[in-house]
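Reader: I would like to go through the labels attached to this structure. For each label, tell me what it rests on.

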Amino acid sequence: MKNRARQLLHILFLFVLLSTSCSNHQETPDRRTLSIEVDDTQVGPTIHSTTPLDGQRLDLEPAIQIVFDRDMDQKKTEEAWSFFGPDEEIIPGKVEWLDERTFEFAPKVSLQPATQYTGCFSTHAADIDGNSPAEEFRVEFKTAALLAVGQVFPGNDSEDVEITTNITVLFNQPVVPLTLIEEQETLPKPFEFSPPINGQGEWVNSSVYVFQPDSPLNTGTRYTVRVKDDLQSINGSPFAEPYIWQFSTSEPAIHSFYLKDGIRPKTNTIKDVLLDQEFVVTFNQSMDEESAISEITLVNRETGQPFPIDLNWNENHTMLSIKPVGKYKIASFYDLTIGKNTLAQDGSPLKEGMEFKISTVTLPRIVSFDPEPDSQAEEYQSYMRIFFNSPMNLDSLKDKIQVIPE
């Protein structure tokens, strides 16, 4: 500061000389006295940065670093330091200087989670020139919360969970560091299942773990999942409390029933079925082919006799085609039954069976005309319509209809 003051005096001296030189050209010089006051008080040290950064959570066993804007008197600065919690009780710790400006403090005890802590330098701190801050420095820190489960999939007490579902947990803070896929085996596996489930788990990021079963889950089963309570977050936060949740898988069930190349019936009564009509049934999981042979039947309701059918499955046994062997009788009635003891591949029976009342097409008969017979149209109409009681083959009608006069 004294050097700066000397430089300022030199500049002012030159300014006065120049002013005097210029005044030689004036007949009456204006002479004034210039008063200069120089403040030679040195500004005290300030904090340049802290670790953790402002807003960043403090670990429960932290190493707090504070960087000053200049080289510090380490002894005086250490003596000026205190660290305390909300009860203002001083917390002991170890102090270390990483360099002339970087102060580090590590508490000797673990801190409490989700708690406000304060670090304070009194005005007794000083730089190497003996300058102290005009007022004390206070740095506020807040520790991280306890590790906890934020969300799980399937949700707790979920029902009818798909047997091919993955099991996922989301934690409220990072548990593992970001790592390569090859290093996944070294990371913690947080799940325990009852009944046991074989499969592979993966940390898709630092706080989300996904478990993929090797095979579909058992149907109609209630699973219990326990998250291991010895987990810790990256910053050392322990698990808040044991976390257990349950979900139930769906029972084997019929997903849909429809006429092949046709409509999906709205009720279990299906009328005007074609004589070679094929039916398609889909299930919510892979089914057992052998059990379906005895449990799926088509019976002539009038004679009580079974009608022969072919059962054809897709590759994963979730879709079944029921095809008649030959043709149904015209104007006849059948019962198509899918029995409750049709089994899934894991041996579980259907949640409920289904029975369909089927009637085949009747002999063709004209039901009505438009315009009606013997009627007189009030205005020109470019078409005539004939309504039949059964689906008709259009080609068979082309030479059967005459209009007189042509």
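Author: What follows takes the labels in turn, from the whole chain down to single residues. The model is predicted.

Reader: What is the overall make-up, and how many helices and strands are there?

Author: The protein has 4 helices and 25 strands. Of its 406 residues, 34% are buried. The accessible surface comes to about 26100 Å². Carbon and sulfur atoms hold 50% of that surface. Among contacts with a separation of 6 or more, 63% join residues 24 or more positions apart.

Reader: Why is Thr115 called buried?

Author: Its relative accessible area is 15%. Buried means under 20%. The value 15% is under that cut-off, so Thr115 counts as buried.

Reader: Where does Thr115 sit, and what does Thr115 touch?

Author: Thr115 belongs to the loop between strand E5 (102–107) and strand E6 (116–121). Beyond residues up to four places away in sequence, Thr115 touches Pro86, Phe141, Lys142 and Thr143.

Reader: What makes the approach of the Thr115 side chain to Gln112 a polar contact?

Author: A polar atom of that side chain lies 3.4 Å from the backbone oxygen of Gln112. The limit is within 3.5 Å, so this pair qualifies on distance. The Thr115 side chain also has a polar atom 2.8 Å from the backbone oxygen of Pro113. That distance is within 3.5 Å too, so the Pro113 pair passes the distance test.

Reader: How do you know that Thr360 is buried?

Author: The relative accessible area of Thr360 is 3%. The cut-off is under 20%, so Thr360 is buried. This residue lies in strand E23 (residues 354–360).

Reader: Which backbone atoms does the Thr360 side chain meet?

Author: The side chain reaches the backbone oxygen of Lys329 at 2.7 Å. A polar atom of the side chain lies 2.8 Å from the backbone nitrogen of Ser332.

Reader: What makes E9 and E11 edge strands?

Author: The sheet is open, with the order E9-E15-E14-E11 and mixed pairing. Strand E9 (158–161) and strand E11 (191–194) each have a single partner strand, so one side of each lacks a neighbour in the sheet. Neighbouring strands here are turned by 30° against each other on average, direction ignored.

Reader: Why do E9 and E15 count as paired?

Author: E9 and strand E15 (residues 243–249) share 2 bridges, in the parallel sense. Pairing needs at least two bridges, so the pair qualifies. Ser158 stands opposite Phe247 in E15.

Reader: What is the strand order and pairing in the sheet that holds E20?

Author: That open sheet runs E16-E18-E21-E20, with antiparallel pairing. Strand E16 (254–259) and strand E20 (309–313) are its edges, each pairing on one side only. Neighbouring strands are turned by 20° on average, direction ignored.

Reader: How do you know that E20 pairs with E21?

Author: 5 bridges join E20 to strand E21 (residues 319–324), running antiparallel. The requirement is at least two, so these strands pair. Asp310 has Lys323 in E21 as its bridge partner.

Reader: Which residues does Val210 contact, and where is Val210 found?

Author: Val210 is in strand E13 (residues 208–213). Apart from neighbours within four places in sequence, its contacts include Asn166, Ile167, Thr168 and Gln200.

Technical notes. Residues numbered from 1 in each chain as written. Predicted model: local features only at pLDDT ≥ 70, side-chain atom pairs only at ≥ 80, totals over all residues. Heavy atoms only, no water. Axes fitted to C-alpha atoms, helices over the stretch in contact; angles between N-to-C directions. Contact = heavy atoms within 4.5 Å. Buried < 20%, exposed > 50% of the residue type's maximum accessible area, 1.4 Å probe, protein only. Polar contact = N/O pair within 3.5 Å; in protein donor to acceptor, adjacent residues only side chain to side chain. Areas by Shrake-Rupley, 256 points an atom, 1.4 Å probe, with all protein chains shown as cover.
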